[in-house]
Amino acid sequence: MGSTVLSLRIDGELLDRLRRRAARRGMSVQDYVVGTLVRDDFDERFMAAVEETERFYAMGVTDVTGATGVTARASGTGPGLTSGLASGAGELAPASGRAAVAAHRPPEGSA
């Protein structure tokens, strides 16, 4: 895969902040910005995969209340909550996967 040049106009104050953040990490501004974009792209692709998995399992998997995950959310179980069957405790657990994104981000500088 080759590389391509991207030219953009950026506010001077933002550029100064980016320079400071990059310097703290011992990186160039270019490497810092590219790394930030790579992490953001990873987060979006990861969330899309989590949502697709949730849709797949909601299409027929029944929780302890006898309702599918989609029905349970619509019936007021709570925003983004579903039965915690995986834990075996029957408690409510976040279904959105947003917490998982933060826990599964690639380490800084590995981009």
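1. A quick word on terms before we start: helices and strands here are DSSP runs, numbered from the N terminus, with helices holding at least four residues and strands at least two. With that numbering, leucine 6 sits in the segment before α1. Please keep in mind that this is a predicted model.

2. Overall layout. You will find four helices and two strands in the protein. Followed along the sequence, these elements come in the pattern α-α-α-β-β-α. Of the 111 residues, 18% count as buried.

3. Helix α1 and its ends. Does the length of this helix agree or disagree with its residue count? Helix α1 covers residues 12–24, and at 1.5 Å a residue its 13 residues should span 18 Å; the end C-alpha atoms are 19 Å apart, so the two values agree. At the start of α1, aspartate 11 places a side-chain oxygen within 3.2 Å of the backbone nitrogen of glutamate 13. Just after the helix, glycine 26 adopts a positive phi of about 70°.

4. The whole structure contains two salt bridges. One of them joins the side chains of arginine 19 and aspartate 16, at 3.6 Å from N to O. This pair counts because the cut-off for a salt bridge is 4 Å between the side-chain nitrogen and the carboxyl oxygen. An α-helix has 3.6 residues a turn, so residues three or four places apart point the same way. Arginine 19 is partly exposed at 45% relative accessibility, and aspartate 16 is partly exposed at 35%.

5. Aspartate 41 and arginine 45 meet through their side chains in a salt bridge of 2.9 Å, N to O. Both residues belong to helix α2 and lie four residues apart, about one turn of the helix.

6. Phenylalanine 42 and phenylalanine 46 make a stacked pair, with 5.9 Å from centre to centre and 20° between the planes. The label follows because planes under 30 degrees apart count as stacked. Helix α2 runs over residues 29–58, and these two phenylalanines are four residues apart in it, so about one helical turn separates them. Phenylalanine 42 is partly exposed, at 24% relative accessible area, and phenylalanine 46 is partly exposed too, at 23%.

7. On which side of the 50% cut-off for exposed does each residue fall? Phenylalanine 56 is exposed, with a relative accessible area of 57%, while tyrosine 57 is partly exposed at 47%.

Key. Residues numbered from 1 in each chain as written. Predicted model: local features only at pLDDT ≥ 70, side-chain atom pairs only at ≥ 80, totals over all residues. Heavy atoms only, no water. Expected span 1.5 Å × (residues − 1). Polar contact = N/O pair within 3.5 Å; in protein donor to acceptor, adjacent residues only side chain to side chain. Phe/Tyr/Trp six-rings, centres within 6.5 Å; stacked < 30°, edge-to-face > 60°. Buried < 20%, exposed > 50% of the residue type's maximum accessible area, 1.4 Å probe, protein only.
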